[in-house]
Amino acid sequence: MSGISSCYVVTGNLTQAGSVVYLRADETWATSLAEAHPLPTEEEAEERLARVRVHEEIVTEPYVFEAELSDGAIRPKSAREILRSAGPSTRLRRPDRGAATA
Amino acid sequence: MYRYDEYDRTLVRERAAQLRGQIARRVSGELTEDEFKPLRLQNGLYLQLHAYMLRIAIPYGMLASTQLRKLAHIARTYDRGYGHFTTRQNIQFNWPELEDVPNILDELADVEMHAIQTSGNCIRNITTDHLAGVARDELEDPRPFCEITRQWSTFHPEFAFLPRKFKIAFTAGREVDRAAMLYHDIGVRIVENAAGERGFSIYAGGGMGRTPVIAKEIREFVPREHLLSYMEAILRVYNRLGRRDNIFKARIKILVNETGIERFREMVEAEWQETRESTLRLAEGEIQEMAKFFAPPSYESLSPSDALLAELRRSPNADFARWARNNVVLHKQPGYSVAMLSLKASDTPPGDLSDSQMDAVADLADRYSFGELRVTHTQNLVLADVKTTELEKLWHELRALDLATANVGRLTDQICCPGLDFCNLANARSIPIAEEIRHRFDDLDYLDDLGDVSLKISGCINACGHHHVGNIGILGIDKRGIEHYQLLVGGSSGYDASIGKILGHAFPREEIVGAVEKVLKLYVRLRESEDEPFLDTFRRVGEKPFRDTLYSNELYADHPQS
């Protein structure tokens with residue numbers, strides 16, 4: 001049965017690279033929102049957050065955001081988190097370091 | 001340009017080495033983020049939405065070609081091939097990795113650059129008129145005083161932890177303020193008193209952000225030798241009495257407003273009695289020594305070229321003629337002109353420049369403008385000393401680089417902050433709005449018909465995109481997770497400063513550019529002649545017709561100004 005429900009995701013930025021990451025079920029970090037572990041309640045998400053917060057040398061200032069879970073896909077509710085997961089909506093000169101100069 | 005002495009070189013190298021150690025301790029876990037954050041911020045290093053961002057100081061907007069080449073190298077080697085020039089004449093790189101930052105700072109030190117005091121609650125980069133030293137209406141070149149102020153404020157032990165950030169701008173134009181001086185914590189205007197003596201009118205308590213305030217004159221005339229002693233007195237009063245309990249009320253503008261300018265002035269004057277005869281008093285010899293760094297370049301002795309420029313502006317090459325009309329400014333030196341390079345072209349975010357463009361512009365600066373260029377607070381570049389006879393040749397080269405868009409001062413010459421595409425503080429995107437405006441209004445004939453209309457876009461109330469002072473301003477807000485945009489009309493950043501008025505409720509993303517179009521159509525209908533600028537029309541007719549045209553089908557009075 002398909003449906004939409006609220007969920008909570010733990011996120012942060014890698015301390016070294018600065019890039020956006022999401023907490024997986026095994027409490028490792030993924031760069032893709034699709035790999036994030038959606039937690040059904042804010043309390044559970046906060047518990048996970050407290051556990052990973054002690055490793056801030058890996059991920060800086062982790063926090064929890066609210067999303068919708070629809071057919072297994074996580075959809076952030078805020079424009080901020082949509083952009084964090086998708087990257088800037090503007091054309092970038094180079095998609096990544098080392099690629100050809102525009 | 002100012003050149004570092006041994007003291008400057010040591011200071012900058014030592015700071016880079018300190019940050020290298022701090023970063024190593026952060027990565028090893030020895031420092032927590034709470035401990036590390038103030039350290040990185042003192043070196044211009046932010047953590048944004050997607051990555052770190054490094055803000056590099058460009059003191060009063062002056063860049064040498066060697067420095068721009070170094071920035072190109074940094075963009076290419078450590079970032080994603082571009083840099084973003086800001087409204088405070090700085091440059092930002094949006095994608096550096098943490099462990100690369102010390103290497104970047106070492107590379108910057110090689111060309112006498114740094115990121116010191118580009119963030120944090122300290123005195124930030126000193127800004128000024130991008131036409132300093134070449135403007136015809138200039139009373140005196142402000143750059144020596146900017147550099148004197150930079151040296152005084154760098155690592156000033158008393159002002160390293162102010163209640164909030166502190167911005168100082170200088171202007172010297174008799175007619176035009178090109179530095180938005182009245183929106184700074186301290187604004188300094190070079191003036192001449194009735195006796196013909198040069199000095200400064202000092203303004204305090206200006207700023208944008210969530211509480212926009214036009215600075216108030218605190219002293220009509222401060223003699224040259226007392227520039228630093230008077231600013232020190234202002235800073236001391238602010239440092240002592242500025243609020244530290246509420247970040248939103250911590251800027252000097254709040255203190256000046258709450259105290260009242262009269263009482264604030266009294267306190268500063270009392271403090272000045274302590275500072276005015278101190279070592280801060282500037283000897284005329286010191287000022288003259290500093291002025292030597294900013295001596296005019298070796299201009300050739302040429303005939304006046306105003307008539308030639310007028311002719312170029314009527315050239316049969318219509319594209320070049322338009323560029324000469326819109327992007328070239330009269331120079332005070334006979335035979336020379338000022339060329340403005342618009343960074344508001346094609347599909348790139350306002351203020352962005354690629355590494356290859358940086359290299360190419362550095363070469364142009366060497367060949368056409370004595371190896372120097374400037375950054376404007378409107379996010380453009382300037383080649384300040386170009387022979388008028390070489391303008392057309394330069395234009396051809398700029399066009400090949402996509403840097404000859406003839407829109408300086410026009411609607412599409414927008415100031416625009418990075419917005420929610422990059423910024424941690426933003427509520428809404430601003431760059432896509434700027435791009436949509438550029439596409440909607442891409443007819444240069446129409447833009448020329450509109451004349452000078454400033455449009456400024458901020459992605460949040462912090463107002464990095466100066467939306468309060470645009471003739472038309474756009475402010476991005478978040479309404480229940482969805483981007484909306486407020487429209488403001490009637491702002492000005494000049495000597496005739498005014499704060500734009502919010503005309504009604506915010507528009508959804510898909511409607512905001514249409515709202516701008518309605519405002520422009522109304523202006524064209526209401527202006528008394530084609531020569532009446534947008535701002536004059538707005539001031540003459542008031543906000544009601546503009547509000548009516550935007551909200552005519554609604555009971556706008558019922559909407560909260562969200």
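**Exercise 1. The buried side of a helix**

Determine which residues of helix α13 of chain B are buried, and state what covers them.

*Solution.* In this predicted model, helix α13 of chain B spans residues 391-400, and its buried residues are L391(B), L394(B), W395(B) and L398(B). The next step is their placement around the axis: they cover an arc of only 105 degrees, which means that they lie on the same side of α13(B). The cover over these residues includes the helices α10 (306-312), α11 (318-327) and α12 (355-368) of chain B. It also includes the strands β11 (328-330), β12 (336-341) and β15 (381-387) of chain B. Finally, what follows the helix is D402(B), with a positive phi near 65 degrees.

**Exercise 2. A residue before the helix**

Locate T389(B) in the chain and decide whether T389(B) is buried or exposed.

*Solution.* T389(B) sits in the loop that runs between β15 and α13 of chain B. Its relative accessible area is 64%. Exposed means over 50%, so T389(B) counts as exposed. As a distance check, take M62(B), which is 327 residues apart from T389(B) along the chain; the two C-alpha atoms are separated by 24 Å.

**Exercise 3. The nonpolar cores**

Identify which residues touch the most other members of the largest nonpolar core, and explain where this core lies.

*Solution.* The largest nonpolar core has 57 residues, and those touching the most other members are L71(B), F85(B) and W323(B). Both domain 1 (6-110) and domain 3 (306-400) of chain B contribute residues, and therefore the core lies between these domains. Apart from this core there is another, of 50 residues, including M62(B), I252(B), I261(B) and W272(B).

**Exercise 4. Chain A and its interface with chain B**

Describe the secondary structure of chain A, then characterise the interface between chain B and chain A.

*Solution.* Chain A has two helices and five strands, in the order β-β-β-α-β-β-α from the N terminus. Of its 102 residues, 41% are buried. Among contacts in chain A between residues at least 6 apart in sequence, 56% connect residues at least 24 apart.

Turning to the interface, 45 residues of chain B contact 31 residues of chain A. The two chains bury about 3,100 Å² between them, with 49% of that area on carbon and sulfur atoms. On the side of chain B, L49(B), H50(B) and R80(B) lose the most area to chain A, together 20% of what that side buries. One salt bridge is counted between the chains: K37(B) pairs with E61(A), and their closest N and O atoms are 3.7 Å apart.

Definitions and conventions. Residues numbered from 1 in each chain as written. Chains lettered and ligands numbered in written order. Predicted model: local features only at pLDDT ≥ 70, side-chain atom pairs only at ≥ 80, totals over all residues. Heavy atoms only, no water. Buried < 20%, exposed > 50% of the residue type's maximum accessible area, 1.4 Å probe, protein only. Helix = DSSP H or I, 4+ residues; strand = E, 2+ residues; numbered from the N terminus. Arc of directions from axis to C-beta. Contact = heavy atoms within 4.5 Å. Core = buried A, V, L, I, M, F, W, Y, C linked by side-chain atoms within 4.5 Å. Domains from an automatic or database assignment. Buried area = accessible area lost by both parts, 1.4 Å probe. Salt bridge = Lys/Arg side-chain N within 4 Å of Asp/Glu carboxyl O.
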